[in-house]
Amino acid sequence: MNWLPTFANWPLAALAAGLAVPSLVLLYFLKLRRKEASVPSTILWKKAVQDLQVNSPFQKLRRNLLLLLQLLALIALLLALSNPITFYKARAGDRTVILIDRSASMSARDGNGVGGGRTRLDEAKRRALDLVDTMGRGGRAMVIAFDDSAETMQPFTGDAPALRNAINAIRPTDRRSSLKLAYQLADAQVQVVEGPGNNNQNQQRVFVYSDGRTRDDVQLALRGDVTFEPVGDPQSRNVAVVSFSARRNYEQPTQVQVFARLANYGPEPVAADVTLSVAAIDPQQTADAFEVRQVRSGLRLLPDRWSDKQKSDAEAKGEGNRNSVEFTLDIATAATIKLEQTNKDRDVLPQDDAALVVVPPPKSLAVALVTDFNPFLERMLASQRLQKPATLTPSDWETARPADYDVVIFDRYVPKHRPESGNYIWVGALPEDLALSQRKDEQGRGMMSTDVGVMDWAREHPIMRNLPSMDKLFIAEAMQLSLPLDATTLLDGTAGPLVVLHRQGKSTHLALAFDSLQSNWPMRKSFSLFFYYALQYIAVGTDLTVRESFAPGSTPRLPRSNLERALNGAKEITLVGPAGPRKLAVPATGDFALPPLDAVGLYQTNPVVPQYERVAVNLLDETESNVLPLDKPPGSIGQIAQADNGRSPLQLWWWLLAAVGLPLLLIEWWVYTRRVHA
């Protein structure tokens, strides 16, 4: 038996003992005040003398069974008040659910760092195997593995070898951890076995083997007796890259700016160095050759687990928390950038030591401007460094009907013919066949607004988020637009939407509700910037800066148009990733979603799918990188087992009251009653 060594219980029990025990003994010293009475017989004198002796103060106590029983009962109550606890090895019940966390943080190697020791998942599986060995005859159990998804590895069965095989078959992933789906799956399996509404569902025993780093602990609910067995060492060290991004400089398209932030999830401050490596993308190679370009040292990372006061005290001593870095590179071609922290001393989780981003080459577009005359748009087009810029008159367009442009800008002109699929920018005009249209008055004339200013703009949209302030934009006259539900307003004016993005069928349309010549926009810096970002966005359909990096478990969707250009009649592609090559059958129609990318690293498609030559998967998750195990069950559901051999606490105060205190009080009452009536 162990006594809980908390200052909340022992002082209270000691104080109660100091008051109660002397008070009880004092009652046996008190001298009673007696009334004088005549005694008819000397036989009663002996009894009177005994009473006087017992109640005389300062006389030595005589042996008294009542006092002994009352002291024993009081001691039992005081021991119960001190909250005694013992630990026992939990055993499987008649129906047991085993939940094992296989998320990224469970790949941490506590105590030994990278390359040595057992992972947390290995330890969780060992404890689960020990639990299976405690199953009694007639007992059944099931095994569920979870990360941000949940998978039944073995339904309810009494076959111990099958349960052991299911536990050993669990493999780690780099995905995030979520318990909600696992709990829902456990409840659903119990309902299938026992039937809905069966009261026995509340008798199931649930064992959760995890470090507790889940993202949904406030949303958890589960019927049954839950035991959370924390896995992991609180003293483990881990330095992680938790934020990473890159973008090209508009003024110098070959220049790439890289930003990163690191965090320290260990118990002590650490110094860290960061290296930035670059590998040119060669579609013919399956492995990229990274070359270190820059090294940044002198980062000082304070522990994330420290309080604000501890951090402020450290900063006051000159131990500042410098945790972010910025790099600038010149990259003229497509490349992969890798940022890596180099402090690997006792670092327990390698998955978050590096992050990758794929930088495409500056997009060189073929763009046509169809206009009668607009010197501002023509000058803008000439400054965009386009692969194939062309300025056409409306008659040239109708005669030639070109179809090989990435984007076509129609300035105050609606063509009679245009390709069914394409990317179009409409300036001061809109075709009649679009759901996005100009509002009409009762006579069927297009409605206009005059003297229009700007109210707001979509600051987070890739086209708008890097623009200077739009507050000073003034428009003499603008169309009043009627928007479909799926349209996106990028610039909102005092009289209605001014710039709207709309996709219809196979086409993308960006509509400006005003003539640029009827505004002061061409005189402002945001004019050329807007068209640069707009051309890139609607032509490529992604962010302008870098290729999107994905979280572990993502399933990127490859557009059909990109697939057809890559496959050239083939019916399968090969996905090369950290776990090796994998052949995937491609459906005959529609887009194609890649299977879940469960491991961090770089993936490549073969044959190369445009815009998906390389796919970067990064952890970048503060919850998973935080390797400090929780000291309470997720969602405060159930009880926590001791980390030492998975033992669970058993509180004994109830047993002291029920098995010791109450029987002693009953015996004391019986003795007292017999004496009174003797």
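Which strand holds Asp451? Asp451 sits in β20, the strand spanning residues 448–457. This report covers that residue and several other features of a predicted model.

## Confidence

The chain has a mean pLDDT of 81. Of its residues, 76% reach 70 or more. Among the elements of the chain, helix α5 (residues 160–168) has the highest mean pLDDT, at 95. Strand β1 (residues 2–3) has the lowest, at 42. Residues 1–8 have pLDDT below 50. Beyond near neighbours in sequence, this stretch still shows 19 contacts in the model.

## Nonpolar cores

The largest nonpolar core has 40 residues. Seven of them touch the most other members: Ile409, Ile425, Leu498, Val499, Leu512, Phe530 and Phe531. Helix α10 (residues 525–540) gives the most to this core, contributing ten residues. A second core is separate and has 25 residues. Val274, Val325, Ala335 and Val359 are among its members. In soluble globular proteins, nonpolar side chains tend to be buried together.

What does Val499 touch, leaving out residues up to four places away in sequence? Its contacts include Thr488, Thr489, Leu490 and Leu491. Leu510, Ala511, Leu512 and Phe514 are also on the list, as is Phe530. Two of these partners, Leu512 and Phe530, are themselves named among the core residues that touch the most other members.

Thr336 belongs to strand β13 (residues 335–341). Is Thr336 buried or exposed? Thr336 counts as buried because its relative accessible area is 0%, and the cut-off for buried is under 20%.

Helix α8 covers residues 375–382. Its buried residues are Leu377, Met380 and Leu381. Why do they share one side of α8? They cover an arc of only 100° around the axis, so they fall on the same side of the helix. Arg379 and Ala382 are exposed on the other side of α8. An α-helix has 3.6 residues a turn, so residues three or four places apart point the same way.

## Backbone exceptions

Most residues other than glycine have a negative phi, and most peptide bonds are trans. Asp451 has a positive phi, near 50°. Asp451 is exposed because its relative accessibility is 56%, and exposed means over 50%. Leu620 also has a positive phi, near 45°. Leu620 lies in the loop between β31 and α12 (622–625). At 24% relative accessibility, Leu620 is partly exposed.

Which residues does a cis peptide bond join? The bond links Asn606 and Pro607, with omega about 5°. Pro607 is in the loop between β30 (601–606) and β31 (614–617).

## Leu517 and its contacts

Leu517 is in the loop between β25 (507–512) and α10. Leu517 is partly exposed, at 33% relative accessibility. Leaving aside neighbours within four places in sequence, Leu517 contacts Phe373, Asn374, Phe376 and Arg412. How far from Leu517 is Ile475, by C-alpha atoms? The separation is 9.1 Å, with the two residues 42 residues apart along the chain.

Terms used. Residues numbered from 1 in each chain as written. Predicted model: local features only at pLDDT ≥ 70, side-chain atom pairs only at ≥ 80, totals over all residues. Heavy atoms only, no water. Core = buried A, V, L, I, M, F, W, Y, C linked by side-chain atoms within 4.5 Å. Buried < 20%, exposed > 50% of the residue type's maximum accessible area, 1.4 Å probe, protein only. Helix = DSSP H or I, 4+ residues; strand = E, 2+ residues; numbered from the N terminus. Contact = heavy atoms within 4.5 Å. Arc of directions from axis to C-beta. pLDDT = per-residue confidence, 0-100.
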